[in-house]
Amino acid sequence: MATADRTAVAVWEGPLLTGKGEVDLKSSAAGAFPVTWPSRVETPDGRTSPEELLAAAHASCYAMAFSATLGREASPPERLEVKVTVSLNPKEGGGFKVTDSAIEVTGTVPGITPADFQALAEKGEAGCPISNAIRGNVDITVSATLQ
């Protein structure tokens, strides 16, 4: 039995290039968000994409994992701000692939050095379930800045 199951539902209408869809976050009832191919590979224009949703999942998961790591190994953070950029690129032979997930974390943590903050930031990434789901298929980088 899973510790937690979460559900989203996507509905798509029409061909890829001119069609449109919507992804509905069912478990949380947080809302439904429009998606299109142009908003995925050109400009978002108020719509989301699978890559943005992956970035959101990775950022929130990593923030929790890093907070836990800091609490166990140093000092609980006063504040962490995590920005994740997920990159979609053409793949050899055609099609596309998510290639990178770049984590940038800025934090306020009392009693820790910048070097320790970076080392623990990397250790926190290893404990992030979303990182663990994509590692080996997506390049993950961590850049940490202590305030």
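A salt bridge here is a side-chain nitrogen of Lys or Arg within 4 Å of a carboxyl oxygen of Asp or Glu. Before you click, note that this is a predicted model, where local features need pLDDT of at least 70, side-chain atom pairs count only at pLDDT 80 or more, and totals for chains, interfaces and linings use all residues. Residues are numbered from 1 along each chain as its sequence is written, and side-chain values use heavy atoms, with hydrogens and water left out.

**Stop one: R135 and E125.** Select this pair and you'll find a salt bridge, with the closest N and O atoms 2.5 Å apart. The two partners tie together distant parts of the chain, ten residues apart: R135 sits in the loop between helix 4 (129-134) and strand 6 (139-146), while E125 belongs to helix 3 (residues 114-126). (Helices are DSSP runs of H or I, at least four residues; strands are runs of E, at least two; both are numbered from the N terminus.) Now colour by accessibility: is E125 buried or exposed? E125 counts as buried because its relative accessibility is 11%, and R135 counts as partly exposed at 38%. The cut-offs are under 20% relative accessible area for buried, over 50% for exposed, and partly exposed in between, using a 1.4 Å probe and protein chains only.

**Stop two: R40 and E51.** Here's another salt bridge, its closest N and O atoms 2.7 Å apart. This one also links distant parts of the chain, from R40 in helix 1 (residues 37-41) to E51 in helix 2 (residues 50-73), eleven residues apart. E51 is buried, at 7% relative accessible area, whereas R40 is partly exposed at 31%.

**Stop three: D24 and K26.** Zoom in on this salt bridge, where the closest N and O atoms are 3.0 Å apart. K26 is partly exposed, since its relative accessibility is 46%. The structure holds six salt bridges in total.

Switch to cartoon and pick out the open sheet of three strands, order 1-2-3, with antiparallel pairing. Strand 1 (8-13) and strand 3 (31-35) are the edge strands, each pairing on one side only. From one strand to the next, the twist averages 20°; axes are lines fitted to C-alpha atoms, with angles running from 0 to 180 degrees between N-to-C directions. To finish, select V11 and look across to strand 2, where E22 stands opposite.

Methods: Two strands pair if DSSP finds at least two bridges between them.
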